[in-house]
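Here is a short tour of one protein chain. Keep the sequence and the 3D view side by side as you read.

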Amino acid sequence: MNKRITIKQIAKALGVSISTVSKALNDSYEISDETKSKIQEYAKLHKYKPNTLALSLQNKKTKTIGIIIPNILNYYFARALRGIEKVTTEKGYSIITCITNESYKKEVETMEMLSNGTIDGFIACISVETLKLKKFDHFHDILDEETPIVLYNRIHKDINCDKVVTDNTKSAYKATRFLMKSGCKNIAIISTSEGLNINKSRIKGYLKALTKYGITPNENLILKQEDETNLLERINNMLDNNEVDGIFSVDEVSGAIATQVLNNRNIKIPEEVSIIGFTNGILSRYGSPPLTSVNRFAHTTGEIAATRLIDKLEGKIKFNDIKTEVIKTKLVERDSTKKLFIKF
């Protein structure tokens, strides 16, 4: 059958009312199991599909969620998307995924387009450019229309909505402490995307661990820059002019670059220099050697963000009930760090 069968046609074929067919297809308790089974089997046989557009107009709901991702090539965001997709599928929601490529303009245009009746709510990670410009009117406008938003990973205090974040300061503190426990005393830190609060929080955790255990921070061992440009040269320069026995990278790419530099210099990992990276991704798992990493549980982050948003869309949580969920991390030990032998 080329043309989609309708509820009206099912009712006529089976000699029942349109209301009976509708209730049976929605598994209503008002319809007997025998009648329900008969109608559902007929609908399945004739490949009946509900008219989602008509339903959305009737209910003023699209059952569609807009997902804003700043960089699809980033392992963390890909894993978070999988978590979001898992929950939305289970709960009968569709998603429209949009990539901003870290652009403020693209983020604004995308959210304005989707908020024009296309979606019921957003799960979003703010672009780097938006955070640097500190321009959040597009978020405020959507929230003013009582369209719920859940931010994940990158957030800002001026956007009053639900948030799901990593405990960045505590995670960096524990990673740096681990390096010290394994015998490292001259620990460098590498931070790209400088200016993001999440990176500042990780540096804060690093500095807190050093000072707590009596190590004076060395400014020459703190590499901060906007991106990975010239990072290889800067790491080489740092190693040429300083004694380094540990490296903590606040993102996965810089950890991979640091590993490459050490391997090229024939510096033994972890015997001479230990490395810990942030985000337990593919680069960490399959590098040479595999990196000890801070697992941020991106998949769990996506699941929690999606569950929170859908609970709001379905009225289980009031729109003005705002919550920040903090995801704990776990250090995954691999071959880039030595076994612990010092107790604090």
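A residue counts as buried under 20% relative accessible area, as exposed over 50%, and as partly exposed in between, with a 1.4 Å probe and protein chains only. The model is predicted, so local features need pLDDT of at least 70 and side-chain atom pairs count only at pLDDT 80 or more, while totals for chains, interfaces and linings use all residues. Residues are numbered from 1 along each chain as its sequence is written, and side-chain values use heavy atoms, with hydrogens and water left out.

**Aromatic pairs**

Start with the rings. Tyr 76 is buried, and Phe 77 is buried too. Rings of Phe, Tyr and Trp (its six-membered ring) pair if their centres lie within 6.5 Å; planes under 30 degrees apart count as stacked, over 60 as edge-to-face and the rest as tilted. That rule gives 3 aromatic pairs. In one of them, the ring centres of Tyr 76 and Phe 77 are 5.6 Å apart and the planes meet at 80°, so this pair is edge-to-face. Another pair joins Phe 248 and Phe 278: it is tilted, with 6.1 Å from centre to centre and 50° between the planes. Phe 248 sits in strand β8 (residues 246-249) and Phe 278 in strand β9 (residues 274-278), so the pair ties together parts that are 30 residues apart in sequence. Helices (H or I, at least four residues) and strands (E, at least two) are DSSP runs, numbered from the N terminus. Are Phe 248 and Phe 278 buried or exposed? Both are buried. Ring pairs also link Tyr 76, Phe 77 and Tyr 152 into a cluster.

**Salt bridges**

Next come the paired charges. A salt bridge is a side-chain nitrogen of Lys or Arg within 4 Å of a carboxyl oxygen of Asp or Glu. How many salt bridges does the structure hold? The count is 13. The table shows some of them.

| Salt bridge | N to O distance |
|---|---|
| Glu 90 and Lys 86 | 3.1 Å |
| Lys 312 and Asp 162 | 2.7 Å |
| Asp 240 and Arg 265 | 2.8 Å |

Take Glu 90 and Lys 86 to begin with. Both lie in helix α5 (residues 75-90), 4 residues apart, which is about one turn of the helix. Glu 90 is exposed, at 58% relative accessible area. Lys 86 is partly exposed, at 35%.

Now turn to the bridge between Lys 312 and Asp 162. Lys 312 lies in helix α14 (residues 298-313) and Asp 162 in strand β5 (residues 162-166), so this pair ties together parts that are 150 residues apart in sequence. Lys 312 and Asp 162 are both buried. They also belong to a network of salt bridges that links Asp 162, Arg 308, Lys 312 and Asp 321.

Then look at the bridge between Asp 240 and Arg 265. The pair links distant parts of the chain, 25 residues apart: Asp 240 is in helix α11 (residues 231-241), and Arg 265 is in the loop between α12 (252-264) and β9. Asp 240 is exposed, with a relative accessible area of 53%. Arg 265 is partly exposed, with 30%.

**Charged patches**

Patches are made of residues with over 30% relative accessible area and no salt bridge: like charges are joined within 9 Å, and nonpolar side chains (Val, Leu, Ile, Met, Phe, Trp, Tyr) within 5 Å. Accessible areas come from the Shrake-Rupley method with a 1.4 Å probe; for residues, only the protein chains shown count as cover. Lys and Arg count as positive and Asp and Glu as negative, while His and the chain ends are not counted. The place of a charge is taken as NZ of Lys, CZ of Arg, CG of Asp or CD of Glu.

The negative patch gathers Glu 112, Asp 137, Asp 141, Asp 144 and Glu 145. Its largest share, 3 residues, comes from helix α8 (residues 137-144). Asp 141 is found in helix α8. Its relative accessibility is 44%, so Asp 141 counts as partly exposed.

The positive patch is formed by Lys 170, Lys 174, Lys 204, Lys 208, Lys 212 and Lys 328. Helices α9 (168-181) and α10 (197-212) each give two or more residues to this patch. Which element gives the largest share of the positive patch? That is α10, with 3 residues. Lys 170 has its place in helix α9. Lys 170 is partly exposed, at 45% relative accessible area.

**A contact along the chain**

End at Asn 280, in the loop between β9 and α13 (282-285). Asn 280 is buried, with a relative accessible area of 13%. The C-alpha atoms of Asn 280 and Val 294 are separated by 5.9 Å, and the two residues are 14 residues apart along the chain.
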